[in-house]
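These are my notebook entries on a structure I looked through element by element. I set down what I looked up and what I found.

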Amino acid sequence: MASEVLAKPQMRGLLARRLRIHMVGAFLVSLGVAALYKFAVAEPRKKAYADFYKNYSPEKDFEEMKKAGIFRSIK
């Protein structure tokens, strides 16, 4: 039986090396999530608000609410 000597594991600097790798990964994931939120949520929301206010008339909306009887102090 030939006994083979196993190499010692490299322990010095292990935490720093793994931390560096994980920090880069975390940065890339957070960048991806931020871009996904911007293009999947924020941009469509801004477009929806812009489309709504493009044809919005507060006076017309007020008159419709007045006819519906929402305001008690207005006859």
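Entry: Lys46 and Glu43. I looked up their spacing in this predicted model. Lys46 and Glu43 are three residues apart in helix 1, so about one helical turn separates them. I then checked the contact between the side chains and found a salt bridge between Lys46 and Glu43, with the closest N and O atoms 3.4 Å apart. How exposed is Lys46? I read a relative accessible area of 52% for Lys46, and because exposed means over 50%, Lys46 counts as exposed. For Glu43 I read 29%, which makes Glu43 partly exposed.

Entry: Asp51 and Lys47. I looked up this pair next. Asp51 forms a salt bridge with Lys47, and the closest N and O atoms are 3.0 Å apart. Asp51 and Lys47 are four residues apart in helix 1, so I place them about one helical turn from each other. Lys47 is exposed, at a relative accessible area of 53%, whereas Asp51 is partly exposed, at 35%.

Entry: Glu63 and Lys66. Which helix holds this pair? I found both Glu63 and Lys66 in helix 2, three residues apart, which is about one turn of the helix. Their side chains meet in a salt bridge, at 3.8 Å from N to O. Glu63 has a relative accessibility of 35% and counts as partly exposed. Lys66, at 30%, also counts as partly exposed.

Entry: For the model I noted a count of five salt bridges.

Entry: course of helix 1. I checked the length of helix 1, which runs over residues 14–54. Its 41 residues, at 1.5 Å a residue, should span 60 Å. The end C-alpha atoms are 58 Å apart, so I recorded that the two values agree. Where is the kink in helix 1 centred? I found it centred on Lys38, with an angle of about 35°.

Entry: I consulted the UniProt record, an unreviewed entry, which places the feature "transmembrane region" at residues 21–40. In the model I found this span to be 100% helix and 0% strand. The end C-alpha atoms of residues 21–40 lie 28 Å apart.

Entry: nonpolar patch. I looked for nonpolar side chains on the surface and recorded a patch formed by Val24, Phe27, Leu28 and Leu31. Together they have about 410 Å² of accessible area. I took one of these residues, Leu31, for a further check. Leu31 lies in helix 1.

Entry: Asn55. I found Asn55 in the loop between helix 1 and helix 2, the latter covering residues 58–68. Is Asn55 buried or exposed? Asn55 is exposed, with a relative accessible area of 69%. I also looked up the separation of Asn55 from Gly32: 23 residues in sequence, and 35 Å in space from C-alpha to C-alpha.

Entry: Lys60. I located Lys60 in helix 2. At 55% relative accessibility, Lys60 counts as exposed. How far apart are Lys60 and Ser30 in space? I recorded 44 Å between their C-alpha atoms, for a separation of 30 residues in sequence.

Note on methods
Residues numbered from 1 in each chain as written. Predicted model: local features only at pLDDT ≥ 70, side-chain atom pairs only at ≥ 80, totals over all residues. Heavy atoms only, no water. Helix = DSSP H or I, 4+ residues; strand = E, 2+ residues; numbered from the N terminus. Expected span 1.5 Å × (residues − 1). Bend = angle between axes of the 7 residues up to and from the residue. UniProt positions renumbered as here; feature names shortened; annotations may be inferred. Patch = residues over 30% accessible without salt bridge, like charges linked within 9 Å, V, L, I, M, F, W, Y side chains within 5 Å. Areas by Shrake-Rupley, 256 points an atom, 1.4 Å probe, with all protein chains shown as cover. Salt bridge = Lys/Arg side-chain N within 4 Å of Asp/Glu carboxyl O. Buried < 20%, exposed > 50% of the residue type's maximum accessible area, 1.4 Å probe, protein only.
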